[in-house]
Amino acid sequence: MAEPAVDSKAEEQQPAAPALVFGSGTATGSAGGFAGFTGTGFSAVTSTSDGGAAAAEGEEDDGAAAEEECQAEYKPVVQLEEVETSTGEEDEEALSELKCKLYRFEAAGNEWKERGLGVVKLLQHKANKKIRLLMRQEKTLKIRANHIVMPSSKLQEHTGSDKAWVWSAVDYADGEHRVELFCIRFGSPEKAQEFKKKFEEAAESNSQIINMAAVPAAAGDGSADAADALADELGKAKVEETAAAEQPETEEKA
């Protein structure tokens, strides 16, 4: 068969396909180049992501609010009841309170041993007006010295120190009457002088109550018998250690 004739003029007159130029208007979009990627498309994505974040935050807030509204109650495994404790100082008035360090002389080792660091008090009973010395160790509140201020007691300055005093007394700190030799040390000479003044005033006050002269007694003049008599009085002024100091630490943790 004969091939159809090709109209060469028609081919020449047919316009060529336009070349794609970046940024120019084409059949793929309008005159803006990337017409399909408009601002609305990006804003839609942004708004969607913002909305999702807001929703997530809302869920977290709801969860936090739900936790705050929890009214669960947990009872301890061990029930501890409140116990009223007595220090023995309720009927006394503190005439002096000074921080100090107390020592006791041990005859067996012929040396001074530290009793503890704490506050020494001169306490006057509101009823019988007798004055006693009480020293507790800090934190543990254990009694380290507890005796009536004897009219015959005299403070002596410790050798080489103007901040320490030495004296002897019939003490009841360990639960029994014992003659002890104490040394007390303060942080400054002023505090030491203040303690001495209050101590001597206490001795003078007690001398008027028990009818004894507030002067140092000579050896062998019968003052030892008077001291033994006053030791019995001291038993009435015994101070019990606080229950908090005696309780084991395991109960506190419970």
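Contacts between residues 24 or more positions apart make up 55% of those in the protein chain with a separation of 6 or more. Keep in mind that this is a predicted model. The chain has 254 residues, and 25% of them count as buried. Here's a quick tour, starting with the overall layout and ending with the charged side chains.

**Overall layout**

- You'll find six helices and seven strands in the protein chain.
- Walk along the sequence and the pattern reads α-α-β-β-β-β-β-β-β-α-α-α-α.

- The seven strands make an open sheet with antiparallel pairing, and their order across it is S4-S3-S2-S1-S7-S6-S5.
- Strand S4 (143-148) and strand S5 (156-157) sit at the edges with a single partner strand each, so one side of each has no neighbour in the sheet.
- Take S5 as an example: S5 pairs with strand S6 (residues 164-171) in the antiparallel sense, over two bridges.
- Glutamine 156 has valine 166, in S6, as its bridge partner.

**Aromatic side chains**

- The count of aromatic pairs comes to six.
- One of them joins tryptophan 167 and phenylalanine 195: the ring centres are 6.3 Å apart and the planes stand at 50°, so this pair is tilted.
- Tryptophan 167 belongs to strand S6 and phenylalanine 195 to helix H3 (residues 189-210), so the pair ties together parts that are 28 residues apart in sequence.
- Tryptophan 167 is buried, at a relative accessible area of 2%, and phenylalanine 195 is buried too, at 1%.
- Phenylalanine 195 also pairs with phenylalanine 199; here the centres are 5.7 Å apart and the planes are at 45°, so this pair is tilted as well.
- Like phenylalanine 195, phenylalanine 199 is buried.
- Put together, Trp167, Phe182, Phe186, Phe195 and Phe199 form one aromatic cluster.

**Salt bridges**

- The structure holds nine salt bridges.
- Arginine 104 takes part in one with glutamate 106, where the closest N and O atoms are 3.4 Å apart.
- Arginine 104 has another with glutamate 180, where the closest N and O atoms are 3.4 Å apart.
- Since arginine 104 is in strand S1 (residues 92-106) and glutamate 180 in strand S7 (residues 178-185), that pair ties together parts 76 residues apart in sequence.
- How much cover do these residues have? Arginine 104 is buried, with a relative accessible area of 11%, and glutamate 180 is buried at 5%.
- Glutamate 106, on the other hand, is partly exposed, with a relative accessible area of 23%.
- Aspartate 174 and arginine 178 meet through their side chains in a salt bridge of 3.8 Å, N to O.
- Aspartate 174 counts as partly exposed at 41% relative accessibility, and arginine 178 counts as partly exposed at 33%.
- A network of salt bridges links Arg104, Glu106, Arg115, Asp174, Arg178 and Glu180.

Note on methods:
Residues numbered from 1 in each chain as written. Predicted model: local features only at pLDDT ≥ 70, side-chain atom pairs only at ≥ 80, totals over all residues. Heavy atoms only, no water. Pairing = 2+ DSSP bridges. Helix = DSSP H or I, 4+ residues; strand = E, 2+ residues; numbered from the N terminus. Phe/Tyr/Trp six-rings, centres within 6.5 Å; stacked < 30°, edge-to-face > 60°. Buried < 20%, exposed > 50% of the residue type's maximum accessible area, 1.4 Å probe, protein only. Contact = heavy atoms within 4.5 Å. Salt bridge = Lys/Arg side-chain N within 4 Å of Asp/Glu carboxyl O.
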